[in-house]
Amino acid sequence: AAGVTGADNMLEGERGFGNAMSRDVDWQAAFAPLGSDDYTITRMTQKNHCCCGHAFAGIDAVLEIRKQVELSADTVKKIHVSSYAKAREVCGNADPKTPYEAKFSLPYVAAMAALEGSVRLAAFTDAWLDDAALRALMAKVEVVVGADAEAAFPKHRSATVTIEMIDGRQFDFHAPTRRGDPDSPLTDQELEDKFRELAGVVLDDQAQTALIARVWAMDKEAAWIL
């Protein structure tokens, strides 16, 4: 509209976006939704935990079990995590040495979920890496490949967690998908809670509340000044 032009074949050209990012692109299918209200953004994943997404289903399952029973290194005998092969391949590190490695460790994040009930930014510190109780619980986490989870992957990223207690009780939970995926979206309140946890480092409560209100009303604003 302003007279600025670009390459006519930036999408489908030999060096265009299609060939750079994919192969055998069906352009008719790609552009079919134009003019409708079918937007890919409505099918996006909202990350609910501050670590590798392959660990999410396992974390979710531990958190659900935590609602039923108090978990600690003294009360838990074993945490059995059954998920798809890629989850074990990427997040099978049983002895992370750094906060970054901990984000790719199912034993670490499962133990953290059991102890703290949250696997967000505060979970990945040097202090937690050296925490004796967390390390003791990590040693009780076993990660295996489950046939059902592997068959459902990658359409569904699932996990089944079984926690055996020292007193003989056993708790099981199957997470068929990840909380935050399109088929199990986070609630507005959960999104707000995550926003406050992250933004609280730089914004006070009043500023957070004002920004939340403005974002929820974004479709009603004529213009944004950033």
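Visitor: Which residues have the most contacts inside the largest nonpolar core?

Guide: This is a predicted model, so read everything here as computed from it. In soluble globular proteins, nonpolar side chains tend to be buried together. Here the largest nonpolar core takes in 46 residues, and Ile79, Tyr108, Val109, Val119 and Phe124 have the most contacts inside it. Two or more residues come from each of H3, E1, helix H4 (85–91), H6, helix H8 (132–138), strand E2 (141–145), E3 and E4. The top contributor is H6, with 9 residues.

Visitor: Say I click on Phe124. What is it in contact with, leaving aside neighbours within four places in sequence?

Guide: You'd find Cys50, Cys51, Pro99, Ala102, Lys103, Tyr108, Val109 and Val119 in contact with Phe124.

Visitor: How many residues of H3 are buried?

Guide: For H3 the count is 9 of 11, so the helix is largely enclosed by the rest of the structure. The buried set is Phe56, Ala57, Gly58, Ile59, Asp60, Ala61, Val62, Leu63 and Ile65. They pack against strand E1 (76–83), helix H6 (106–116), E3 and strand E4 (170–175).

Visitor: On to pockets. What is the volume of the largest pocket?

Guide: Rolling a probe the size of a water molecule over the atoms shows where empty space is left. In this model the largest pocket comes out at about 700 Å³. It has 21 lining residues, and Gln46, Asp188, Leu191, Val215 and Trp216 are the closest to its centre. Helix H10 (188–199) and helix H11 (205–216) each supply at least two lining residues, and H10 gives the most, with 6. By class, the lining holds 13 nonpolar, 3 polar and 5 charged residues.

Visitor: And how do the lining residues of the second largest pocket divide by class?

Guide: There you get 2 nonpolar, 4 polar and 8 charged. This pocket has a volume of about 350 Å³ and 14 lining residues, with Asn48, His49, Leu63, Gly117 and Glu190 nearest its centre. Helix H3 (56–66) and H10 each provide at least two lining residues. H3 gives the most, namely 4 residues. Leu63, by the way, is one of the buried residues of H3.

Visitor: Now the backbone. Which peptide bond is cis, and what is its omega?

Guide: Most residues other than glycine have a negative phi, and most peptide bonds are trans. The bond from Phe153 to Pro154 is cis, with omega near 10°. Look for Pro154 in the loop between helix H9 (147–152) and strand E3 (159–165).

Visitor: What about phi? Where is Asp24?

Guide: Asp24 lies in the loop between helix H1 (17–21) and helix H2 (27–31). Its phi is positive, about 50°, although Asp24 is not a glycine.

Visitor: Is Asp24 buried or exposed?

Guide: The cut-off for exposed is over 50% relative accessible area. Asp24 has 74%, so it is exposed.

Note on methods:
Residues numbered from 1 in each chain as written. Predicted model: local features only at pLDDT ≥ 70, side-chain atom pairs only at ≥ 80, totals over all residues. Heavy atoms only, no water. 1 Å grid on protein atoms, 1.4 Å probe; cavity = no way out; pocket = protein on both sides within 12 Å on 5 of 7 lines; lining within 4 Å. Points joined across faces, edges and corners; volume = space filled by probe spheres on them. Nonpolar A, V, L, I, M, F, W, Y, C, P; charged D, E, K, R; others polar. Buried < 20%, exposed > 50% of the residue type's maximum accessible area, 1.4 Å probe, protein only. Contact = heavy atoms within 4.5 Å. Core = buried A, V, L, I, M, F, W, Y, C linked by side-chain atoms within 4.5 Å.
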